Every structure is written in structure tokens, then in C-alpha cells.
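Morning, everyone. Please bring up the sequence and the model, and follow along as I go.

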Amino acid sequence: MNRYEFLTALHEAYKPRSYLEIGVNEGRSLAQATTRTIGVDPDFQINVELACDLKLVKMMSDDFFARPDATSWFPEDVVDFTFIDGRHIFEFALRDFINAEKLSAPASVIVLDDIFPRSASEAARDRHTLYWAGDVYKIMVVLEEYRPDLTVVPTDTEPTGVAVVLGLDPSSTVLPDNYDTIVEHYGAGNSQPVPEKVLRRHDAANPRQVVKSPAWGQLAAARATGAPVAFVERLRRLRGTAQFELVPPSNEPWPPKDAVKARRAR
């Protein structure tokens with residue numbers, strides 16, 4: 001299941017009232033949305049048909065989140081579903097997660113793209129390959145260490161995996177309070193090799209099992225009633241259900257000679 005198929009299935013299962021996408025690019029993931037939507041990207045170049053009640057914001061995500069009216073486009077003034085696929089650099093993705101959680105509710109969901117690079121080249125902080133995940137994968141370690149209260153489900157989607165994060169707490173200050181320490185440890189100065197468990201997608205969930213879970217209907221019901229969402233823990237039990245086979249990544253350099261390939265790789 002690729003990322004677009006996964007997003008489509010998640011929209012259908014969870015039926016969010018509002019959707020926020022960080023990193024629009026050409027709009028292929030945005031095209032999966034049918035609900036009221038905000039897309040944020042400083043340089044989007046949409047070339048696909050979109051069929052949602054859409055607001056496009058052409059700015060950096062940090063600037064968007066700093067706006068006092070960031071969620072005013074949504075009647076509920078909260079974001080049910082956020083997809084983060086902005087700059088593929090750890091500290092940027094971490095800030096996007098921190099800011100997105102503040103705009104969420106306990107029954108909301110955040111999905112982070114690019115958590116499973118397939119090689120050290122794909123995980124580089126400076127892009128030099130056709131397919132590029134960057135070092136977003138480090139967020140998984142940070143959430144495990146600093147936010148064990150969250151339900152995090154790394155999921156085996158193509159090409160570079162996603163992480164589904166539930167049980168959100170918009171009042172938590174743990175990550176922003178420790179942001180400088182975290183970035184000092186995991187950011188630009190961290191030159192350690194990509195862990196083998198990341199390259200081999202250790203503990204990854206089968207995406208089809210994730211989207212077919214009854215937890216999504218229960219989560220939507222809890223969203224409407226304000227009921228507790230402790231049942232999302234059952235999604236954590238799907239970790240390790242993926243039957244992963246490593247597909248060798250492309251060794252083609254970036255920028256590619258073929259512009260069509262470049263578009264498809266984004």
C-alpha cells in the first residue's frame with residue numbers, strides 16, 4: 001500500500017471533519033481529502049484535480065502555526081487529521097508535530113511521512129538522491145523517549161513509511177520544553193548511521209490492518225462525544241505485523257535529468 005492509498009483509506013475510515021496538510025507540493029496527497037482542508041506550503045505547484053473545500057496557504061509552516069487564526073477555516077476550531085510531509089529535516093518535522101498537536105484534540109490523529117528511509121543516502125539531511133526521506137525517522141526515537149503517553153504506530157507504506165500518532169494531548173509542553181535539548185542531541189550534529197531497525201522497518205505495522213481497525217469508527221464517535229480514547233492502544237498491537245521486503249532505492253542523483261521522474265518521486 002503506498003502513502004496515497006493509505007491516506008485515502010484513512011480518510012474513509014476516520015471521516016475527519018477537518019484536514020491539515022503540511023507540505024503540499026503537487027497536491028497528490030491533498031487530492032485524497034474530501035473534507036474541509038488547509039494545505040500549507042511555501043512553494044506548492046499543484047497539478048492534480050482537488051475535490052475538497054480547500055484553503056491554500058503559501059508560507060512556511062512555522063509562520064502558519066504562528067498565526068492566531070490558523071484554524072479559523074475549520075468551524076470546530078480544531079484539526080481532526082494532520083498529515084506532515086514538509087521539509088524532510090528532523091527539527092522542522094518535530095516543530096510541525098509540536099505545533100500540530102496544539103491544534104488537535106485527544107481524538108485527533110497526526111500522520112508523519114518519511115519515517116523509514118531505505119538507505120543512508122535517502123536519510124541524508126541534504127538531498128542528493130531521487131527519493132529522499134531525510135532524517136525524519138529520528139522523531140520516532142524522540143516520541144518513544146519523551147512522550148510514552150502517545151500511541152505511535154510506524155506503518156509499512158511505500159516508499160518511505162508513515163507514523164500514525166494518536167492519543168494526542170494539546171496541553172502537553174514536554175516536547176517544546178525540551179526542544180533545544182532534543183535538537184542538540186538529534187539534529188545537525190548527530191552523524192550516527194541510520195539504525196538497522198529503521199532500514200529493516202522493525203516493528204512496522206501492516207497498513208491494511210491499520211486502516212481496517214474498528215478503532216477508527218470508535219475514534220470518530222469519541223470525537224463527537226468527548227469520550228476517552230484509551231482504546232486506541234489496540235492499534236499499537238499491530239506493530240510488527242508488516243511483512244517487509246526491502247526494495248532497493250534508486251541510486252539516481254538529484255536533481256534528475258528526467259523532469260517526469262522528479263515529479264513522480266515527490
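Start with a definition: a charge sits over a ring if NZ of Lys or CZ of Arg is within 6 Å of the ring centre and within 35 degrees of the ring normal. Arg95 lies over the face of Phe92, at 4.7 Å from the ring centre. Lys58 has its charged end over the ring of Phe44, 5.0 Å from the centre.

Some ground rules. This is a predicted model, with local features needing pLDDT of at least 70 and side-chain atom pairs counting only at pLDDT 80 or more, while totals for chains, interfaces and linings use all residues. Residues are numbered from 1 along each chain as its sequence is written, and side-chain values use heavy atoms, with hydrogens and water left out.

Now the strands. Helices (H or I, at least four residues) and strands (E, at least two) are DSSP runs, numbered from the N terminus. Two strands pair if DSSP finds at least two bridges between them. Begin at β1, residues 18–22. β1 and β2 pair in the parallel sense over five bridges. Leu20 has Ile38 as its bridge partner in β2. β1 also pairs with β4, again in the parallel sense, over four bridges. There, Tyr19 stands opposite Phe81.

How covered is β1? I call a residue buried under 20% relative accessible area, exposed over 50%, and partly exposed in between, using a 1.4 Å probe and protein chains only. Five of the five residues of β1 are buried. Ser18, Leu20 and Ile22 lie on one side, Tyr19 and Glu21 on the other. Look at Glu21 in β1. Glu21 counts as buried because its relative accessibility is 0%.

β4 next, residues 81–84. In a regular strand, side chains alternate between the two faces of the sheet. Phe81 and Phe83 point one way, Thr82 and Ile84 the other, and all are buried. β4 pairs with β5, residues 109–113, in the parallel sense over four bridges. Phe81 stands opposite Val109 in β5. From β4 the chain crosses through α3 to β5, and this β-α-β crossover is right-handed. That is, with the strands pointing away from the viewer, the path from the first strand over the helix to the second runs clockwise.

On to aromatics. Rings of Phe, Tyr and Trp (its six-membered ring) pair if their centres lie within 6.5 Å; planes under 30 degrees apart count as stacked, over 60 as edge-to-face and the rest as tilted. A search of the whole structure finds four aromatic pairs. One of them is Phe90 with Tyr186: tilted, 6.1 Å centre to centre, 55° between the planes. This pair links distant parts of the chain, with Phe90 in α3 (residues 90–102) and Tyr186 in α6 (residues 179–186), 96 residues apart. Are these two buried or exposed? Phe90 is buried, at 0% relative accessible area. Tyr186 counts as buried too, at 10%.

Then the spaces. On a 1 Å grid over the protein atoms alone, a cavity is a set of points where a 1.4 Å probe fits but cannot get out, and a pocket is an open set with protein on both sides within 12 Å along at least five of seven lines; lining residues have an atom within 4 Å of a point. Grid points are joined across faces, edges and corners, and a volume is the space filled by probe spheres set on the points.

There are two cavities of 30 Å³ or more. The largest cavity holds about 50 Å³. Its lining includes Ile84, Asp85, His88, Asp96 and Asp113. α3 and β5 are the elements that give two or more residues to that lining.

The second largest pocket has a volume of about 330 Å³. Its lining has 18 residues, and Met140, Val141, Glu144, Lys197 and Arg239 lie nearest the centre. Which element gives the most to that lining? α4, with four residues.

Last, the backbone. The peptide bond from Glu158 to Pro159 is cis, with omega near 5°. Pro159 is in the loop between β6 and β7. Asn25, in the loop between β1 and β2, has a positive phi, near 55°. Asn25 is partly exposed, at 23% relative accessible area. Asp77 also has phi near 55°, and lies in the loop between α2 and β4.
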